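Here is a friendly tour for someone meeting this structure for the first time. Please keep the sequence and the 3D view at hand as you read.

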Amino acid sequence: MSSLRNAIKRRAYKERSQPESRKKFGFLEKHKDYVVRAKAFHKKEEALQRLKEKAAFRNPDEFYFKMIKTRTVGGVHRPESEANKYTPEELMLMKTQDIGYVLQKVQSEKKKIEKLTAMLHSLDNQPSNRHVYFAEDRDEAREIQSRSSKSRNLPTSEDLPNHIKRKTTASYRELEARKNRANELEKLYMDMALQKEHQKKGRKRKLREDEIVCPTSKPVYKWRPERKR
């Protein structure tokens, strides 16, 4: 009987839309919308119930240091201020570590630039009258040799396959991007070094433009001499 009942075509159940007289109240909630809203409500209700149980069964003699270091203002918990969390010596140590990391990145970028420059034969101090092309396999080498033999000369950039030209262009773009990154890292290193010097003890003053021997756009400071014991 159940199979016959399922075989009979029945009219699909459709939920009514919002009546015309109640259009001002907005969209009419359907059953699927109610299910989503009910699940969210019960989830919040269960979370509040768990928090109430934790508060009811907590140890009244429990103590931790934030009880005396923090406070509530208007019923809102204010966390402990992070301003004076570290001592000046700890701040100086962290600043030194940051400067060391930036310096390491500067040196790494410079090494990669030198490697790319040597590979692309674009060194300024060592000009090369020959251009060497490296093939990935024998078929590619034969193709370069066949093109150069037709011109009866050394292989030029016009004799190279298109994929090698694309790789060369991408390498030059990478070289330019790494040079820009190295310059930005050097500027950041100089700024961080200046900030570290400002944290040191001693009286200092900013030099005027007429007092600077080598004019520069960056500020120049001079520390007053102190007698060492």
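## E186 and its partner

At 30% relative accessibility, E186 counts as partly exposed, a label for values between the buried range (under 20% relative accessible area) and the exposed range (over 50%), found with a 1.4 Å probe on protein chains only. The side chain of E186 meets that of K110 in a salt bridge, with 2.8 Å from N to O. Here a salt bridge is a side-chain nitrogen of Lys or Arg within 4 Å of a carboxyl oxygen of Asp or Glu. K110 lies in helix α4 and E186 in helix α6, so this pair ties together parts that are 76 residues apart in sequence. K110 is partly exposed too, with a relative accessible area of 39%.

This is a predicted model, in which local features need pLDDT of at least 70 and side-chain atom pairs count only at pLDDT 80 or more, while totals for chains, interfaces and linings use all residues. Residues are numbered from 1 along each chain as its sequence is written, and side-chain values use heavy atoms, with hydrogens and water left out.

## More salt bridges

How many salt bridges does the structure hold? There are five. Side chains of opposite charge can pair when their charged atoms come close.

One of these bridges joins E109 to R181, with the closest N and O atoms 3.0 Å apart. E109 lies in helix α4 and R181 in helix α6, so the pair links parts that are 72 residues apart in sequence. Is E109 buried or exposed? With 6% relative accessibility, E109 counts as buried, whereas R181, at 41%, counts as partly exposed.

E174 is partly exposed, with a relative accessible area of 35%. Together, E109, E174, R178 and R181 are linked in a network of salt bridges.

## Helix α4 and what it packs against

Helix α4 covers residues 88-120, which makes 33 residues. From its first C-alpha to its last it reaches 48 Å, close to the 48 Å expected at 1.5 Å a residue; the expected span is 1.5 Å times one less than the number of residues. The buried residues of α4 include K95, I99, V102, V106 and E109. Further along, I113, L116, T117 and L120 are also among them.

Which element do the buried residues of α4 pack against? They pack against α6, residues 162-199. D191 is placed in helix α6 and counts as partly exposed at 38% relative accessibility. D191 and I99 are 92 residues apart in sequence and 9.7 Å apart in space, C-alpha to C-alpha.

## Q18 in its loop

Q18 sits in the loop between α1 (2-7) and α2. At 10% relative accessibility, Q18 counts as buried. Its side chain reaches the backbone oxygen of R22 at 3.4 Å, and the backbone oxygen of G26 lies 2.9 Å from a polar atom of the Q18 side chain.

Leaving aside residues up to four places away in sequence, Q18 touches K23, F25, G26, F27 and L28. A contact here means heavy atoms within 4.5 Å.

## The whole chain

The protein chain has six helices and four strands. From the N terminus on, its elements run α-α-α-β-β-α-α-α-β-β. Helices (H or I, at least four residues) and strands (E, at least two) are DSSP runs, numbered from the N terminus. Of the 229 residues of the chain, 12% count as buried. Among contacts with a separation of 6 or more, 46% come from residues 24 or more positions apart.

## How confident is the model?

The mean pLDDT of the protein chain is 79, and 85% of its residues reach 70 or more; pLDDT is the predictor's confidence in each residue, from 0 to 100. Confidence is highest in helix α2 (residues 31-56), at a mean of 94, and lowest in helix α5 (residues 138-151), at 69. Over residues 122-128 the pLDDT is below 50, and beyond near neighbours in sequence this stretch has three contacts in the model.

Technical notes
A polar contact is a pair of N or O atoms within 3.5 Å; within protein, one must be able to donate a hydrogen and the other to accept it, and residues adjacent in sequence count only if both atoms are side-chain atoms.
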